[in-house]
Amino acid sequence: MIKSKVFVCSVCNNITSKWSGRCEVCDEWNSISEDNGISSGAGKGTLGNTRGTLIKLTGLSSESALPVRTLSGIKELDIVLGGGLVDASATLVGGDPGIGKSTLLLQAAAQFGQTGMKTLYISGEEASAQIQLRAKRLGLKAANVSLGTETNLRNILTTLKEEKPELVIIDSIQTVWADSVDSAPGSVSQVRATAHELTSFSKRHGISVVLVGHVTKEGLIAGPRVVEHMVDTVLYFEGARGHQFRILRAVKNRFGPANEIGVFEMTGRGLNEVPNPSSLFLSEHGEHSPGSVVFAGIEGTRPLLVELQALVAPTIHSQPRRAVIGWDSGRLAMVLAVLESICGTAFTGHDVYLNVAGGLKISEPAADLAVAGALLSALYNLSLPKGTVIYGEISLSGALRPVVHTENRLKEAAKLGFSRAIAPAQEKQNSLPHIEFEKMVDLKSFVSSMFKEKSG
Ligand code: TYD
Ligand code: MG
């Protein structure tokens with residue numbers, strides 16, 4: 001049978017018959033490569049005519065108990081996993097090279113080993129001596145953890161069959177290759193084939209598997225996106241360059257809430273947990289300077305107070321700059337447009353910069369009002385009252401929309417010594433005794449009450 005060539009995008013999995021520099025579906029550059037693992041399926045006949053076996057069907061309710069979980073003892077990791085590692089589950093940990101994936105997983109391996117779990121750490125990137133040296137530097141206990149360096153899938157599976165571990169960590173999936181697939185390690189077809197083999201083998205044998213995957217923007221190594229649908233849990237390890245803080249974020253979790261985050265700090269002796277992240281993303285709180293506001297946000301199920309900083313400066317360019325770090329630039333443009341058209345505040349002729357302190361990335365629309373507050377405060381050179389937090393979503397009409405989890409937001413604010421909240425008026429308001437509430441109906445009333453003397 002002659003196989004026609006098939007090309008696949010490593011970001012969105014779109015399949016095409018010819019190569020191009022940019023994917024038509026997701027617009028990503030350089031993400032398309034030849035795939036050797038898919039046959040076009042021509043000439044197989046219609047499936048409906050063949051006889052398959054009957055599927056065993058069951059009802060919705062089941063007698064089976066909740067999944068068995070093991071706590072690592074690294075609290076931030078356990079939270080992100082949804083309350084510990086589920087037995088025989090498959091997890092993908094993705095992140096930029098050098099962000100600390102190997103460090104995190106080596107620490108986790110040692111912790112799981114301590115609980116009595118037989119753990120295997122297989123590295124295709126570093127020599128055993130190198131890993132041992134790191135373990136020594138991190139002061140890790142070696143109980144129940146075995147190291148191996150291997151990239152051949154056949155050898156890895158044979159070892160798993162023989163050793164029967166309860167947890168195996170593969171660092172990284174891009175280095176593993178299957179001799180049955182005819183392409184280079186790290187290519188889309190290799191990553192897909194090896195991840196599939198590893199996850200299905202582990203499921204059959206009751207082994208929990210953790211795969212490490214590098215993400216590169218250039219798409220040189222197949223992004224772990226192709227693996228995301230095969231595993232139960234997808235965690236991303238992220239952090240800004242130049243910041244020692246690292247966020248572990250669950251983007252998919254079949255056993256717990258998604259979007260849950262864990263916060264770590266990279267130190268000379270490995271990753272430390274940060275049990276109270278809010279205090280970390282606030283600089284000198286209480287002492288608001290113009291352009292800085294505190295946003296009461298929610299990440300997953302956890303409240304998080306973050307400082308937003310804005311700078312508005314007269315520009316010399318014909319096209320003023322709009323630069324954002326840690327937030328969506330499209331949303332910044334929207335907030336600026338609403339402020340200009342509805343409230344008449346003019347940002348034309350000004351460069352606008354927005355920064356989320358601590359290198360955190362936030363994506364909640366509830367940050368809209370806080371961003372507007374930071375922008376206006378920078379523009380008018382007026383600081384907001386001390387000890388104030390802000391949240392609320394802005395709609396295109398300039399109305400303020402209520403947001404979820406208000407009680408959690410306010411509780412966290414009160415815990416950290418804040419005494420005032422500026423937020424949309426909400427029907428069901430759980431007011432807290434220690435927080436003075438300033439309800440805003442729309443953006444216009446926010447501007448006129450907060451920046452009276454300037455907005456005229
Ligand atoms: P690593 O875990 O190797 O990253 P990844 O596996 O994601 O590629 O971590 C690499 C970085 O972490 C490296 O730049 C050094 C730094 N690091 C520390 O700062 N402290 C430590 O104790 C360790 C082990 C690493
Ligand atoms: Mg590594």
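**Ligand shell, pocket and cavity**

The lining of the second largest pocket divides by class into 7 nonpolar, 6 polar and 3 charged residues (Ala, Val, Leu, Ile, Met, Phe, Trp, Tyr, Cys and Pro count as nonpolar, Asp, Glu, Lys and Arg as charged, and the others, Gly among them, as polar). This is a predicted model, in which local features need pLDDT of at least 70, side-chain atom pairs count only at pLDDT 80 or more, and totals for chains, interfaces and linings use all residues. Residues are numbered from 1 along each chain as its sequence is written, chains are lettered from A and ligands numbered from 1 in the order in which they are written, and side-chain values use heavy atoms, without hydrogens and water.

The second largest pocket holds about 270 Å³ of space (on a 1 Å grid over the protein atoms alone, a pocket is an open set of points with protein on both sides within 12 Å along at least five of seven lines, and lining residues have an atom within 4 Å of a point; a volume is the space filled by probe spheres set on the points, which are joined across faces, edges and corners). Of its 16 lining residues, Ile74, Gln107, Gln111, Leu140 and Leu271 lie nearest the centre. Helix H2 gives the most to this lining, 5 residues, and strand S14 (270-273) also supplies at least two (helices are DSSP runs of H or I with at least four residues, strands runs of E with at least two, numbered from the N terminus).

H2, which spans 101-114, also takes part in the shell around ligand 1, as do helix H3 (128-137) and strand S13 (261-267), each with at least two residues. The shell has 16 residues, of which Gly98, Ser102, Thr103, Thr267 and Gly270 come nearest the ligand (near means a heavy atom within 4 Å). By class, 4 of the shell residues are nonpolar, 7 polar and 5 charged.

The largest cavity has about 100 Å³ of space, and Leu77, Leu81, Leu105, Phe112 and Val210 lie nearest its centre among 13 lining residues. H2 contributes the largest share of that lining, 4 residues; strand S6 (90-95) and strand S9 (167-171) each supply at least two. Of the lining residues, 12 are nonpolar, 1 is polar and none is charged.

Terms used
1 Å grid on protein atoms, 1.4 Å probe; cavity = no way out; pocket = protein on both sides within 12 Å on 5 of 7 lines; lining within 4 Å.
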